[in-house]
Amino acid sequence: MKGRSLLRVLASLAMLGLLSACGSVEPWVKPYERDRLADPIMFLDGDPVSSAYLYHVYEAREGARGGEGSGGGGCGCN
Amino acid sequence: MSQTLYLNSVSIRNAFASIILLALTRASVAGVLPDDRSDVLYHLYDGGGVTIDGPSVLVRKQVARNISLVGNYYVDMVTSASIDVVTTASPYTEERKQWSLGMDYLHRNTTLSAGYTSSVESDFDATTYNFSVSQDMFGDLTTLTLSYGLGDDVVRRSDDETFARDNSRQHYGIGLTQILTRNLITTLNIETITDEGFLNNPYRSVRYADPDSPVGYSFEPELYPNTRTSNAVGLLARYYLPYRAAVQTEYRYFTDTWDIESHTASISYIHPMDDWTFTVKYRWHDQTGAHFYQDLFSRTEATNFRGRDKELSPLTSQTLKLAASYKLLNNGWRFIDRASVTFSIDILNLDYHDFRDLRTDAVIGEEPLYALEADVVQLFFSIWY
């Protein structure tokens, strides 16, 4: 049941993605206002090899797993 | 006595093979391919009688206008005389080698990623496949990532060549990154992981009260359920401070069908100073124990499922991180655009609320609770080209 629920959520989000292509949303943070977000100190995962290792350590020492980290995406600075 | 003992339950180790690759694919940014870079990292974990060190080498290179490849080679060299080992088995050494290969394909605002990971050690093999799609939306303020992972493992015993058990594992992930203001970026991660197969440790034992034993207890093999489903929700926010520094807060809620429930929170401060960048982080984690976990069972085979893996017990962990990174070759050199060297130490303190230290002569069931302190050291060089 959980797997089906998750599939529904995934399908809904995929539809959301498709619908977003049909309309235009005015960005409230303009591209020329993203200089601070483009600063390396704002990178969510600036050193993936290091953060991957630490996730490895935490998953070895604790019972929880997943859900940590930047989870994809970036600053949208391009 | 040549019997070895796993560092962790198989269910935890199952996830290892996919962690690095997941993190590497997470480095992808929808709408733009990741930077070409290479990292050479030395890692050291030292604490609780366990020393694990080794290298990790990552190479990422764009090979066409819209394709980037990434490879990672990672080694764990383990020397263990942990609390589990000294109380129920013998110290051992072990080596784990892991290869990961991944590819990102960019088409307009969509990034498709695929990856493969293989992890090999003397009594455990893990193979993982990962796929994800990231889509930039709303003027690149929003990035939605959907990911799926499939893992197959084989568990063996070093003292029994005929022993082999299978595990399968599936990851489902949703990530949403959102720019809220010109100073604030946030992410939401939802991750579900399902395991099915032989999830317990083939070596580990549970303790039960035994009046016929001189010490009052004996050991028998642990026995876990053969399925597990976990759900995690993570929130992250990073804010740019007015004087060019950043602060990041994170929170994660976790629950699973083994009745483990946890809360994890952290706060980081990142401060650049000339060619240096300093990071300080504090992380706190608290969890309940699995429903089949007990430090001391009342008798042999007292419950249908039983485990004494301290990672599945109720515990609180705290980590203090200190890191310093120094920029090199700011003007470039030959094919290198820039480089950096980074040193970090994470000081872990784990307090177990229902896992007792059997190395003392205390009355059975009243031994002192176990606590662990470990240092995690990383030194790595990075180049961008």
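Trainee: What is the mean pLDDT of chain B, and what share of its residues reach 70 or more?

Mentor: The mean is 90, and 92% of the residues of chain B reach 70 or more. pLDDT is the predictor's confidence in each residue, on a scale from 0 to 100. This is a predicted model: local features need pLDDT of at least 70, side-chain atom pairs count only at pLDDT 80 or more, and totals for chains, interfaces and linings use all residues. Residues are numbered from 1 along each chain as its sequence is written, while chains are lettered from A and ligands numbered from 1 in the order in which they are written.

Trainee: Where in chain B is confidence lowest, and where highest?

Mentor: Lowest is helix α1 (residues 10-26) of chain B, at a mean of 47. Highest is strand β15 (residues 276-287) of chain B, at 98. Over residues 1-21 of chain B, pLDDT stays under 50. Where pLDDT is low, the predicted coordinates should not be read in detail. For the complex, the predictor gives an ipTM of 0.88 and a pTM of 0.87.

Trainee: How many helices and strands are in chain B?

Mentor: Two helices and 18 strands.

Trainee: What makes Ser340(B) count as buried?

Mentor: A residue is buried if 20 or more other C-beta atoms lie within 10 Å of its own, exposed if 12 or fewer, and partly exposed in between, with C-beta atoms placed from the backbone. Ser340(B) has 22 such neighbours inside 10 Å, so it is buried. Ser340(B) sits in strand β17 (residues 338-356) of chain B. Leaving aside neighbours within four places in sequence, its contacts (C-beta atoms within 7 Å) are Ser325(B), Tyr326(B), Lys327(B), Leu328(B) and Ser382(B). Across chain B, 43% of the residues count as buried.

Trainee: Why is α2(A) described as largely enclosed by the rest of the structure?

Mentor: Because 12 of its 14 residues are buried. Among them are Tyr53(A), His56(A) and Arg61(A).

Trainee: What span should helix α2 (residues 48-61) of chain A have, and what does the model show?

Mentor: The expected span is 1.5 Å times one less than the number of residues. For these 14 residues that is 20 Å; the end C-alpha atoms are 20 Å apart, which agrees.

Trainee: Which residues have the most contacts inside the largest nonpolar core?

Mentor: Ala64(A), Ile260(B), Ala290(B), Phe292(B), Tyr293(B) and Leu312(B), in a core of 15 residues. Such a core is a set of buried Ala, Val, Leu, Ile, Met, Phe, Trp, Tyr and Cys residues joined through C-beta atoms within 7 Å. Apart from that core lies another, of 12 residues, including Tyr45(B) and Leu348(B).

Trainee: In what sense do β1(B) and β2(B) pair, and over how many bridges?

Mentor: Two strands pair if DSSP finds at least two bridges between them. Strand β1 (residues 37-47) of chain B and strand β2 (residues 50-64) of chain B have 11, in the antiparallel sense. In this hairpin, which has two residues between the strands, Gly48(B) takes a positive phi near 60°. β2(B) also pairs with strand β3 (residues 67-80) of chain B, antiparallel over 12 bridges.

Definitions and conventions:
Helices (H or I, at least four residues) and strands (E, at least two) are DSSP runs, numbered from the N terminus. Two residues are in contact if their C-beta atoms, placed from the backbone, lie within 7 Å.
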